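Have a look at the sequence and the structure first, and then we'll go through them together.

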Amino acid sequence: MVEHFVHTEGVVGSNPIPTTRLLLHWLFNSGQSVAMDDPLLHRKMAARMANRAREDGADWFEAFYQWAGGDEEKVPWADLMPHPLLSDWLEGKQFGAVAVVGCGLGDDAEALAERANSVWAFDVSETVVEWAKRRYPESLVEYGVGDLFHLSEERKGIYGTVVEIFTLQALPPERRTEAFAALASLLLPQGELVVITRWREPETELGPVPWPLLMSEFDEIDKLGLERIEQTSAEEGQAIRLVWRKI
Ligand SMILES: C[S@@+](CC[C@H](N)C(=O)[O-])C[C@H]1O[C@@H](n2cnc3c(N)ncnc32)[C@H](O)[C@@H]1O
């Protein structure tokens, strides 16, 4: 059955959350009716919300997860399994303290927890943190709400491994330098930063989110006292894995 969200007078579907209502207002001008089984809709929804990110910071993520209302199919980046580039990297390894940045629904954090002494997985969205906890009620992962741009001092310099997957590419490019420094600040000496992200050539225009990273942006990470020890390759627009070690 085709479900329709009809937007009239600030009432959108059955979702009473004001922020979500506002976001939906941008998306669907009043009177429009939208087929919720349009396979492109969820992706378009995320992209259009994200295009507000330069003005609204990370707030759109919370609104987006509220809108998704616990339906994993509405989250375009939720593969419900660890990213293959992470699974591949994990093989045969054991870890001490791990931090997972922008953990989303928790699948990468859970895969790390099978091999780590401890995992702290945080996300700026409270809704997704609660969602991840519900998905993994027996989890050994310490899930928490946290903002990469406002890390508490006690989290800094204590992680042997820091993993970020598809969060950098969802941040406005003008905040990336700050984000790189924040990621590096979590690491112990000799600790490793793992980044899984899409990349683009400089001449490729930025479209809707995700905003793949430039190779020159990875060079910025090299300047933070980190040595790049691994980089996979893939066609432009595809995901690659990069690993740095703190010197
Ligand atoms: C595209 S999603 C990727 C989620 C997950 N890593 C995955 O691969 O499925 C980006 C995630 O980063 C989170 N995020 C965005 N800005 C953040 C910030 N400043 N601090 C922590 N998490 C953030 C979002 O809420 C979202 O869950």
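pLDDT is the predictor's confidence in each residue, from 0 to 100. You'll want that score at hand, since what you're looking at is a predicted model. Over residues 1-34, pLDDT stays under 50. The model does have 43 contacts beyond four places in sequence for that stretch, but where pLDDT is low, the predicted coordinates should not be read in detail.

What about the protein overall? Its mean pLDDT is 84, and 77% of the residues reach 70 or more.

## The overall build

Count up the secondary structure and you get 9 helices and 11 strands. The protein has 247 residues, and 34% of them are buried.

Now for the contacts between residues at least 6 apart in sequence: 64% of these join residues at least 24 apart.

Most residues other than glycine have a negative phi. Here are two that go the other way.

Leu 80 has a phi near 60 degrees, which is positive. You'll find Leu 80 in the loop between helix H4 (59-68) and helix H5 (84-90).

Look for Phe 166 in the loop between strand E7 (159-165) and helix H8 (176-185). With 17 other C-beta atoms within 10 Å, Phe 166 counts as partly exposed, because buried would take 20 or more.

How values were computed:
Residues numbered from 1 in each chain as written. Predicted model: local features only at pLDDT ≥ 70, side-chain atom pairs only at ≥ 80, totals over all residues. Helix = DSSP H or I, 4+ residues; strand = E, 2+ residues; numbered from the N terminus. Buried ≥ 20, exposed ≤ 12 C-beta atoms within 10 Å, placed from the backbone. Contact = placed C-beta atoms within 7 Å.
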